[in-house]
Amino acid sequence: MKLPKYSMGIGDRFGCQGVAQLQAMRQAKADGIEVAPVWNKSFREHSIIGTRPQDVRNEADAAVAALKWEGPYFVDADHVHLKTIDDFLKCSNFFTLDVAEAIGRPAPAQDIETFFRQHEGFIGTLEIPGLEAPFTVTAEDIQRIAEKFLFAVQEAGRIYRYILDHKPADTFVTEVSMDETDTPQSPAEMFFILSAIAVEGIPAQTIAPRFSGRFNKGVDYVGDPAQFEAEFRADIAVIAHAVNTFGLPNTLKLSVHSGSDKFSIYPAIRRVLRDFNAGVHLKTAGTTWLEELIGLALADAEGLTVAKDIYAQSLAHFDELCAPYATVIDIDKTRLPSVQTVSGWNSEQFAAALRHDPTCKDYNPHFRQLLHVGYKIAAQMGPRYISLLKRFADRIGPHVTDNIYRRHIVPVFGTD
Ligand SMILES: [Zn+2]
């Protein structure tokens with residue numbers, strides 16, 4: 001099963017926006033831009049909301065049927081480990097094997113030794129087409145990379161083979177993810193990680209590295225876009241070379257996690273994709289839920305009341321909500337509006353603070369990030385929240401579609 005060149009991870013916390021999300025892909029297709037939808041939801045999200053992986057499959061199938069979508073589409077078991085994968089096996093055809101936690105754990109000494117022997121031929125200078133300067137690879141580099149990453153790749157192999165025990169190899173897409181870790185992988189590390197993936201027999205079609213800078217949830221990139229571009233370019237060059245050198249799938253591409261709303265690096269991503277004629281998987285995660293809130297706040301008085309309640313309770317449960325997302329949010333508590341201030345806002349004020357429009361003076365990224373992790377509050381509201389989503393589906397849907405299409409698909413994948 002091949003993942004198309006351009007694909008997009010579309011998370012949907014409450015499972016009600018599948019059609020509105022797919023509508024964005026349909027609009028893109030009409031413009032000549034083919035983007036495959038990948039509905040993703042992690043074990044973390046399922047446990048916070050109380051949903052099951054099968055719910056995502058049902059949502060995806062229903063959206064595809066409703067819009068008569070004929071292109072490929074996927075359901076992603078997002079960030080799974082051996083401990084959490086079982087419920088995802090039957091209903092997923094995309095698996096994001098998360099081995100970030102295994103980085104730095106030692107592989108058996110004999111395996112490190114074997115890895116070293118397999119790769120000593122690379123000692124010296126390594127020319128990679130598309131990279132400005134060749135790498136220098138020393139024996140110490142290979143040893144160090146094996147010590148740091150080999151166990152993690154072996155862990156990915158264990159998860160991959162576990163999936164194979166349950167479904168045929170050609171019926172799913174495999175991603176190896178190493179993004180939720182502290183330090184970015186260098187291009188040389190990437191090269192040898194990819195070799196280890198090939199040795200392990202994992203037909204990875206996407207790899208999610210950690211890039212430098214901050215990829216906070218729902219807000220723009222924090223870091224130096226020029227440095228990001230250099231890294232992104234190097235990674236893509238390394239991938240192209242590794243595909244040829246190690247016999248990895250020719251569909252292998254980068255996966256950018258927490259990729260939604262990173263407006264300041266989209267021009268760089270687009271440039272590099274064109275220079276290399278490369279693809280990318282862009283994961284947008286929880287941004288759809290924020291569009292739901294905007295749509296609700298603008299829909300009517302009750303929608304606005306519920307949106308304000310969610311904020312008030314999110315503020316009251318700040319620590320609990322933020323803890324699972326500590327590495328991917330940066331909220332300055334002093335910049336959060338008080339409950340009293342927000343209770344005086346009208347619909348447009350609430351929407352303006354939340355909407356990701358960096359040019360709007362009322363946009364508040366701290367407010368937005370807190371609400372991003374505040375979906376647990378809406379989940380606890382249960383039917384009160386879900387019934388509003390259903391009642392205002394027509395008001396909310398266009399926000400969801402427009403956000404994916406205009407703010408994400410066009411700047412990253414657009415043709416002009
Ligand atoms: Zn991720």
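**Ground rules.** I number residues from 1 along each chain as its sequence is written. The model is predicted, so local features need pLDDT of at least 70 and side-chain atom pairs count only at pLDDT 80 or more, while totals for chains, interfaces and linings use all residues.

**Whole protein.** I found 17 helices and 10 strands. These are DSSP runs, numbered from the N terminus: helices are H or I with at least four residues, strands E with at least two. I then looked up the radius of gyration, taken over C-alpha atoms. It is 22 Å, close to the 22 Å that the globule rule gives for 416 residues, so the protein is as compact as a globular protein of that length. The rule is 2.2 Å times the number of residues to the power 0.38. The C-alpha atoms fill a box of roughly 70 × 45 × 45 Å along the principal axes.

**Helices α1 and α17.** I picked α1 (residues 18–30) and α17 (residues 393–413). Their axes, lines fitted to C-alpha atoms over the stretch in contact, come within 8 Å and cross at roughly 45 degrees. That makes α1 oblique to α17. Angles run from 0 to 180 degrees between N-to-C directions; oblique is what remains after under 35 (roughly parallel), over 145 (roughly antiparallel) and 65 to 115 (roughly perpendicular).

**Who touches whom.** I count a contact when C-beta atoms, placed from the backbone, lie within 7 Å. On α1 I noted residues including Ala20, Ala24 and Gln27; on α17, Val400, Ile404 and Tyr405 are among them.

Methods: Two residues are in contact if their C-beta atoms, placed from the backbone, lie within 7 Å.
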